[in-house]
Structures are given as structure tokens and as C-alpha cells.
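Thanks for coming, everyone. Please have a look at the structure on the screen, and then I'll walk you through a few spots.

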Amino acid sequence: MTILQAIILGIVQGLSEFLPISSSAHIVFTQNITAVLNGSTIDLGSAQQIFLSMMLHVGTLIAVLIYFKKEIWDITKDFFKALWTKDFSNTNAKMGAYILIGTVFTVLVAYPLKDISEKLMVYPEIVAFLLILTGFVLFFSEFKSKHQKEHTDQLSLKHAILIGLAQGLAAFPGFSRSGWTIATGLFTGLDRVTSTKFSFLLVIPIILGTSIVYPMLEINPQELATFNWTAILIGTLVSAVVGYVCIKYFLKFVAKFSMNFFAYYCIIVGLMVISFFAGLAVGH
């Protein structure tokens, strides 16, 4: 892995984590297509590749923590206060509870899918098909939202559970995490901005958990010394910067425009990737 590769993957992660276009799909596409063009093989299951992917997600987590620092502080403070007083009437305390509940349901869905989702990382055609499905989900959520008589900015237990389940399904590369969670919010009557903000906040516990648990359980400490740490750290920084800019402007975009643009994008890119690898198969 080179510094240039890490920078490219950092840009891809920073853009696609928050845009509803599947960061995991784009990383799979980037790595597989690069390997094909270079005439090399790729091992997405190597410890360094998996660790880099995790660190790129940490970069986007840093972007969320910086952008929403005031909201996160208020939610955390009021949530723990509510635990002490047993009074969750405060809006921030409820948000903290909903993030926790959504995370539990995410883990219940995502953990059993872990092995399957990791195996899919070396099958870009299947990932492309799942990305196309994400495009249709975005279309349907927009259609449902436009024909919804009323929209609310008040999260409920039902919203937290359903959006958490949707985030769990996004363990599959190609199923956009932000796309499926925002779409689920729209399906259940939330307004665009509320759905998007909750989607961004809901990712925090998952990335925190995986960034702590994975190195402890999966990586041999001796392997860490063999990693290209310069490339990993630069990639993480790029992911954080690009992710911050993406959050800032995507929130403005989603408040005014539909997500049909991203639906078209998912479908077109998915079809292009399928065609690319189908052409390679025919050529051989």
C-alpha cells in the first residue's frame, strides 16, 4: 500500500460515508479496479487492508465529532443526567437513548452478517448489484416522502429501532449506510434534516466500537509494526477533512433537494462496474 493509494481511499471514504452512495462499495471498486489495471492481485482480507479501512472510518468519525461537537456534548451531558434522575423528558436525553437503542438493533443485525459481508468484498459485481438496489431504495423513499401529508422532526422509539435495523443491513458492501438510514427515516415520516442528522450521529457508537474491539480481537500486535503507518495516518487525515466538508454541504443539499440524483448515481455506477467486470470475463 502506497501513500497515494491511501490518499485516494481517504477521499473516497470521506465523500461516500455521508453521501448515500456506499463508502464500502466505492472502496471495493477502487481497490479491485486498481488491481486489474495494475495487473496485480488484491487481498482485501489482509490485516493491513482491514485496519486501513477501519482507520478511514475513524477519519469520518473525527469529522462527525468536530462538526456536531456542540450537539454531541449536549446529548451526552443530558443523557447521563437523565440516567441519574430517571427523567428522559429532555430532547437531548431522548436523542442519547435513541442513539443507544438504534445501535443495539444495528449490532443485532450486523454481527451475524459479518462473515458474509467480508466475503463479498472480493466480488465487485455483487457489490455493484447491491448498490443498484440502494438506488431504488432512495427512489422509493423520495416518492414516499413527497406523498406523505405530514413530516415530523421528532424522533420516536419506532424511528430509532427501524433506522438501527437499516444501519445493520448496511453491513453488506453496496448497501449505503447513510442511504438506507436516511431513506428509512423518510419512509417513517421524518423530515429530511432530522433523518440525516440522526443518521450521522448513529454512526458514532459503531465506529467507536469497531475501532476499539477489532484491533484487540483480530490483529496480532506484532503485525502492527509491519504496517505502513505514514500512509495509514495520511489516509485517515484526508478522510476526516473530506468528510467534514461533505457533512457541511450535504446537510444544506438535503434540506433543499431530493436524493434522486444519488439514486441515479448508484444505479449508473453499479451498471458500469458490472459491465466492466463482465467485459473482463468475456475477454478471458
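Let's start with the second largest pocket, which has a volume of about 380 Å³. Who lines it? There are 17 lining residues, and the closest to the pocket's centre are T91, N92, M95, D153 and L155. Now look at the helices around it. Which one gives the most? That is α5, with 5 residues.

One caution before I go on: this is a predicted model. Keep that in mind for everything I say.

Back to the pocket. What is the lining like by class? Of its residues, 7 are nonpolar, 5 are polar and 5 are charged. So much for the pocket.

Next, the surface. Please find I62, I66, L237, V241, Y244, V245 and Y249. Together they form a nonpolar patch, with about 630 Å² of accessible area. Which elements supply it? Two elements give two or more residues to the patch: α3, spanning 47–67, and α12, spanning 229–256. The largest share comes from α12, with 5 residues.

Is Y244 buried or exposed, or something in between? Its relative accessibility is 33%, so Y244 counts as partly exposed. The cut-off for joining a patch is over 30% relative accessible area, so Y244, at 33%, clears that cut-off.

Last topic: backbone angles. I have two residues for you, S22 and K86. Neither is a glycine, and each has a positive phi.

First, S22. Its phi is near 70°. Where is S22? Look in the loop between α1, residues 3–16, and α2, residues 23–38. Is S22 buried or exposed? S22 is buried, because its relative accessible area is 1%, and buried means under 20%.

Now K86. Here phi is near 60°. K86 lies in the loop between α4 and α5.

Key. Residues numbered from 1 in each chain as written. Predicted model: local features only at pLDDT ≥ 70, side-chain atom pairs only at ≥ 80, totals over all residues. Heavy atoms only, no water. Patch = residues over 30% accessible without salt bridge, like charges linked within 9 Å, V, L, I, M, F, W, Y side chains within 5 Å. Areas by Shrake-Rupley, 256 points an atom, 1.4 Å probe, with all protein chains shown as cover. Salt bridge = Lys/Arg side-chain N within 4 Å of Asp/Glu carboxyl O. Helix = DSSP H or I, 4+ residues; strand = E, 2+ residues; numbered from the N terminus. Buried < 20%, exposed > 50% of the residue type's maximum accessible area, 1.4 Å probe, protein only. 1 Å grid on protein atoms, 1.4 Å probe; cavity = no way out; pocket = protein on both sides within 12 Å on 5 of 7 lines; lining within 4 Å. Points joined across faces, edges and corners; volume = space filled by probe spheres on them. Nonpolar A, V, L, I, M, F, W, Y, C, P; charged D, E, K, R; others polar.
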